[in-house]
Structures are given as C-alpha cells and as structure tokens.
Amino acid sequence: MSFQKPKGTVDILPSEVKTWQKIEGTARRVFSQYGYQGIRTPMFESYDVFVRSVGDTSDIVTKEMYDFEDKGGRRITLRPEGTAGVVRAYNENKLYGPEFPKPYKVYYMGPMFRYERPQSGRQREFHQIGVEALNSESPQVDVEVIDMALNLFKNYGVSNVKLVINSLGNDATRDSYRQALIDYLKPFYEKLSPDSQERLYKNPLRVLDSKDETDQKIVEKAPSILDYLDDYSSKYFEDVKRLLDELGIKYEVDSSMVRGLDYYTHTIFEIMSDSKAFGGKYTTVCAGGRYNGLMKELGGPEGGGIGFGLGVERLILLMQQENPDFSDETGLDVFITSADDKGNDLAFKLMHDLRMQGLKVDKDYEGVKLSTQIKEANRQNAKYYIVLGSNEVQSGKVTVNKFDSDEEINTSIDELKSNAVQLLK
Ligand code: ATP
Ligand code: MG
C-alpha cells in the first residue's frame, strides 16, 4: 500500500524549511521593530466565529470552509484566515482592559485551510503571516501597518510590488452605496454569474469581488464607492493618503477593490506583483484592511482594528523569481571523521563536548572510507574537519583542517574540549 498527502496540501522538506525559517525570522524581527508581539490561537474555532466575521455570502464561508461536527456535536471550522480567531481571543481574554496598550499589536504565522481548486499559489492548506492592531482607530495606525508590510517585502529583497488601496467607508457609506450598486447591476442581472445573481440583493459588494470574467467586465463601469463616503470616512481616507505621501510610499487607488471578507471598513489594501513568478499577471501576495465593527460583532466592546495577511506560498513563488539567494544557509562548524574504531569512539565523545560549547557538529556514522567522509563534510558545508584515529587517541594531539584553505590548527583534544569556540573562530 502507498499513501499520498491530501489534495491541495504540500510537504515542506528540509531544504525549503531553511527558507521558510528565514522568512519567518525576518517577519518577527520587522514586526518587533514596530512593537508587535506574537499571538497563537487555535487552528480551529466555532463555525460561528467565521460566519459572524468573514460573512455568510463570502466565497470563504459559502464554499471554502472545512467545517464539521466533532464527536461532541459542536460545529467546528478549520480556520480559513487569522483575524477572526485573534479578535475572538482578544475579546475572550479581555485584552481591551485599561492595563493593555492601545492599539494592541499582535502577529501570527501558521496554516490556514480553504477548500479551493488547487493550482499554483493556491492550496487547501496554506500559510499566512499576519498582523492585527486592535482597539484603535487612527489613520497613522493604518499607514503604520501598510508601511510595515512594505518594509517586510523590502527585507525579503522583493522590490517588484505595488500597493493598491481603497476605502469602504463606514456603515452609512455601505448603505447608500449598496442601493446605487444594485440599481447599476439590475439591468445586467441575466448576464451575471449565478453566484453574483444570488448575491445581488444579499450583498452586492460581493459582486465587485467576483472572479467571473463577465462579471468583471460588467462591474468595470459600476459607480465608485468613493463617491459615497460620508464626511468622516472621506477625511479619514484623505488622511491615510496624505500620511502615505509623507512617508514617500507610492500607491494606486482602485475604487472597485472590495476584498473577499465582509468585515472590512475604511482603508483596505493589497500588495500585488506582476512578476514572472505569476506569469506576468498581477497577483495579490499580501492583503488587509480595517475592520471597525468586528470586535463588537464578535461579542467585545466597540473598537476598531486593522491588519493584513500575507500568503507565504505566494511570497516564496515571488522570491524564487526575484531573490533566489534568500535562505538560511549556515553549514556545520566542524565535521569529525574517523580513520578507525578507536578514532570513531573518540569522535563521538568529542562531538558531544563541542556541541556542549554551542558549536554545530556532526560526524560519520556509517564507517565509510575516509575520503567519502571528507566529501560528506564538504557537502554539509562544514568550516572545519578533524580526522581522528589511533594516533590521535594515543597522543592526544589533533589537527583541525579548514576547508577551502591550507590553514591547519594544531592543537589537542583537551584544548578542544575546553576552548573550541576560541580556537575555531
Ligand atoms: P484570492 O483572491 O487569491 O482568492 P483572497 O482574497 O481569498 O485571495 P485573502 O483572504 O485576502 O485572499 O488572504 C490573504 C493572502 O493569503 C492572499 O493574498 C494570498 O497570498 C494568500 N492566500 C489566500 N488563499 C490562498 C490559498 N488558497 N492558497 C495559498 N495562498 C492563499
Ligand atoms: Mg480566495
């Protein structure tokens, strides 16, 4: 019998994990520069958490969620995105109390699950790195989040990206825009995709986000939501744009961008690339926005929030194209080879001592011939190799050889046991 991974999942093997870890490490470093701390919430939540937040007419909820009843009869959903769980945790742990900062800044990284048709950059289990700045409402926070996302791309060595922004305003904006949009779309009803027909009266904004080509043609001439912003929303959006300008951040405004999740208000944004990695077609790698009603919707107090999610698989596709040398390539400090059984015993003990000093050390375990061991040392990118045999065991003296130079360090086992870090600098 043979077994295969489930459709839409991938095995990330050690050679790639190096890149993943560097990507994650870089994100942690950049996020901490901006005052963000890590948070880890469950991989699954109650179904209601997502229906309440992501929205019951969204693609995610209607088609893509892994949801099931557990053995206790609870309706459980594997998280399709990170924000809802973080806001649920924020509320449940009362992190809005006076002893906590505002905004409350957190980041997460981990797997998300969506039942989609797998293709390049689209999987059923995929990974996001995301941030949330909770319980505050200020254009500066919006711009800080966007600035941080772009800074992250800079740290990944990817410059071929563009920032696209829009504003969805507040509830009043949505109410007045909703009717205008329905009025515009009604005459095209017969031509709309079945999904869009279904959503036209339930949630017409969803039609703007349709992936159907005919739908996309129709919505091209739809009224702009920006014409329906009330004074507060309009001023808020102007402030966001002004602050972006002040930081020298370039952006495009796309008034037809709405995003796939219902909870967004005011500022939304996407970081896109038309790199060869995506066949030259603009593809979204990082997306986010403000969600001022969400804390309350999930049972917490009134309070705004903003965040983004970055798709790690898509980022890696992009980086393979734009910055292929990015990885955490650090080899061994020392590889210990042995010429005979006595040397092998000593090698095992010396390896332990060197590791206790914090060095990265490995040895041969297979008893292959010396030249093969040295080749292996080279393959593992070792800086140094040591040959141990009966002579070294008897004399206590050893030679440490440096790869890619003729340099040799003549020393002793005792010296290595006590002082290897200094010796092998
Ligand atoms: P799309 O329009 O491509 O379906 P989305 O609007 O559903 O994207 P978001 O929910 O905003 O995506 O998620 C943010 C990011 O997560 C995306 O920009 C993308 O990089 C990544 N992402 C989303 N769904 C998947 C998936 N199924 N596989 C891999 N990455 C994904
Ligand atoms: Mg999607």
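Which residues in helix 12 (residues 312-322) are buried?

## Helix 12 and what covers it

Keep in mind that you're looking at a predicted model. In helix 12, the buried residues are Val312, Glu313, Leu315, Ile316, Leu318 and Met319. Glu313 is part of that list, along with Met319.

What sits over these buried positions? The cover of helix 12 includes pieces of both kinds. On the helix side there are helix 1 (14-33) and helix 5 (139-155). On the strand side there are strand 6 (125-134), strand 9 (265-273), strand 10 and strand 11 (305-311).

Eight of them make up an open sheet with mixed pairing, and the order runs 1-5-6-11-10-9-7-8. Strand 1 (37-38) and strand 8 (252-253) are at the edges with a single partner strand each, so each has one side with no neighbour in the sheet.

Further in, strand 10 pairs with strand 11 in the antiparallel sense, over five bridges. To find your place along that pair, look for glycine 288, which stands opposite phenylalanine 308 in strand 11.

## A look at alanine 287

Leaving out residues up to four places away in sequence, alanine 287 touches Arg259, Phe269, Glu270, Phe308 and Gly309. Alanine 287 can also be set against glycine 130: the two are 157 residues apart in sequence, yet their C-alpha atoms are 9.4 Å apart in space.

## The cavity

How many cavities of 30 Å³ or more does a search of the whole structure find? The search turns up one. The volume of the largest cavity is about 60 Å³.

Its lining is made of Leu168, Arg174, Asn203, Leu205, Arg206, Val258, Arg259, Leu261 and Asp262. By type, the lining residues split into four nonpolar, one polar and four charged. Arg259 is one of the lining residues, and Arg259 is also among the contacts of alanine 287.

Key:
Residues numbered from 1 in each chain as written. Chains lettered and ligands numbered in written order. Predicted model: local features only at pLDDT ≥ 70, side-chain atom pairs only at ≥ 80, totals over all residues. Heavy atoms only, no water. 1 Å grid on protein atoms, 1.4 Å probe; cavity = no way out; pocket = protein on both sides within 12 Å on 5 of 7 lines; lining within 4 Å. Points joined across faces, edges and corners; volume = space filled by probe spheres on them. Nonpolar A, V, L, I, M, F, W, Y, C, P; charged D, E, K, R; others polar. Contact = heavy atoms within 4.5 Å. Buried < 20%, exposed > 50% of the residue type's maximum accessible area, 1.4 Å probe, protein only. Helix = DSSP H or I, 4+ residues; strand = E, 2+ residues; numbered from the N terminus. Pairing = 2+ DSSP bridges.
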